[in-house]
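I have a new structure open today and want to get my bearings.

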Amino acid sequence: QLQFVESGGGLAQPGGSLRLSCTASGFTLERQDIGWFRVRQAPGKEREGVVCISGYGGYINSVTEVQGRFTISQDNAQNMIYLDMKSLEPEDTGVYYCAVGRPSYYCSFSTRPYNRWGQGTQVTVSS
């Protein structure tokens, strides 16, 4: 059975930290494109890429507003990926999704290359 299960998330104060995790079963994350996406809490907001890592070569791409604050990593032995978030801002509030797709040299923030998604986890940044 193929599963991609997220954990983590919750409530954090501005300036705080959170860690999100995704665990894969039934398929490997090794040498796949891995991405984290989010849907922020505003009407009409679409799923947007935040950070990704390429299956070929490990190229990491992140949007400007999270650079220096969000870190993507993976543990192939545990078949897990992580998103470490620090210096959180209220604008980071939203539902976060992990995703895995066909490997490339330059991972994309388009949702099309990703064929498996986590169920989503809520992140709320508020005082």
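Below is what I looked up, entry by entry.

**Entry 1: what I am looking at**

I note first that this is a predicted model. I keep that in mind for every value below.

**Entry 2: the sheet**

I began with the strands. I found an open sheet of 4 strands, in the order β1-β3-β8-β7, with antiparallel pairing. I checked the edges next: they are β1 (3-8) and β7, each pairing on one side only. On average, neighbouring strands here are turned by 15° against each other, direction ignored.

I then zoomed in on β3 and β8. They run antiparallel and are joined by 6 bridges. In β8, I see Y82 standing opposite S21.

**Entry 3: the cores**

Which residues of the largest nonpolar core touch the most other members? I looked them up: they are F4, L29, W36, F70, I81, L83 and M85, out of 25 residues in that core. Next I asked where the members come from. The elements giving two or more residues are β3 (18-25), β4 (33-40), β5 (48-53), β7 (70-75), β8 (80-85), β9 (94-101) and β11 (121-125). I see that β3 provides the largest share, 4 residues.

Leaving aside residues up to four places away in sequence, L83 touches L18, R19, L20, W36, V51, F70, T71, I72 and Y96.

There is also a second, separate core of 5 residues, and I spotted F37, C52, C107 and Y114 among them.

**Entry 4: the disulfides**

How many disulfides are there? I count 2. As a reminder to myself, a disulfide is a covalent bond between the sulfur atoms of two cysteines.

The C22 to C98 disulfide has an S to S distance of 1.8 Å. I read -85° about its S-S bond, and the link is left-handed. C22 sits in strand β3 and C98 in strand β9, so this pair ties together parts 76 residues apart in sequence. Buried or exposed? I find C22 buried, at 0% relative accessible area, and C98 buried as well, at 0% relative accessibility.

The other disulfide is formed by C52 and C107, with sulfur atoms 2.1 Å apart. Its torsion about the S-S bond is about 80°, so I note it as right-handed. This pair links distant parts of the chain, 55 residues apart: C52 lies in strand β5, and C107 in the loop between β9 and β10 (114-117). C52 is buried at 1% relative accessible area, and C107 counts as buried at 5%.

I also wrote down the pairing: with the bonded cysteines of the protein chain numbered in sequence order, it is 1-3, 2-4.

**Entry 5: the aromatic rings**

I looked at Y56 and Y105, which form a tilted pair, 5.0 Å centre to centre with 40° between the planes. The two are 49 residues apart: Y56 is in the loop between β5 and β6 (60-62), Y105 in the loop between β9 and β10. Y56 counts as partly exposed, at 35% relative accessibility, while Y105 counts as exposed, at 57%.

Then I turned to Y114 and W117. Their ring centres are 6.2 Å apart and their planes at 65°, so the pair is edge-to-face. Y114 is buried, with 5% relative accessible area, whereas W117 is partly exposed, with 25%. I also see that F37, Y114 and W117 form one aromatic cluster.

Methods:
Residues numbered from 1 in each chain as written. Predicted model: local features only at pLDDT ≥ 70, side-chain atom pairs only at ≥ 80, totals over all residues. Heavy atoms only, no water. Core = buried A, V, L, I, M, F, W, Y, C linked by side-chain atoms within 4.5 Å. Buried < 20%, exposed > 50% of the residue type's maximum accessible area, 1.4 Å probe, protein only. Contact = heavy atoms within 4.5 Å. Disulfide = S-S within 2.5 Å. Pairing = 2+ DSSP bridges. Axes fitted to C-alpha atoms, helices over the stretch in contact; angles between N-to-C directions. Phe/Tyr/Trp six-rings, centres within 6.5 Å; stacked < 30°, edge-to-face > 60°.
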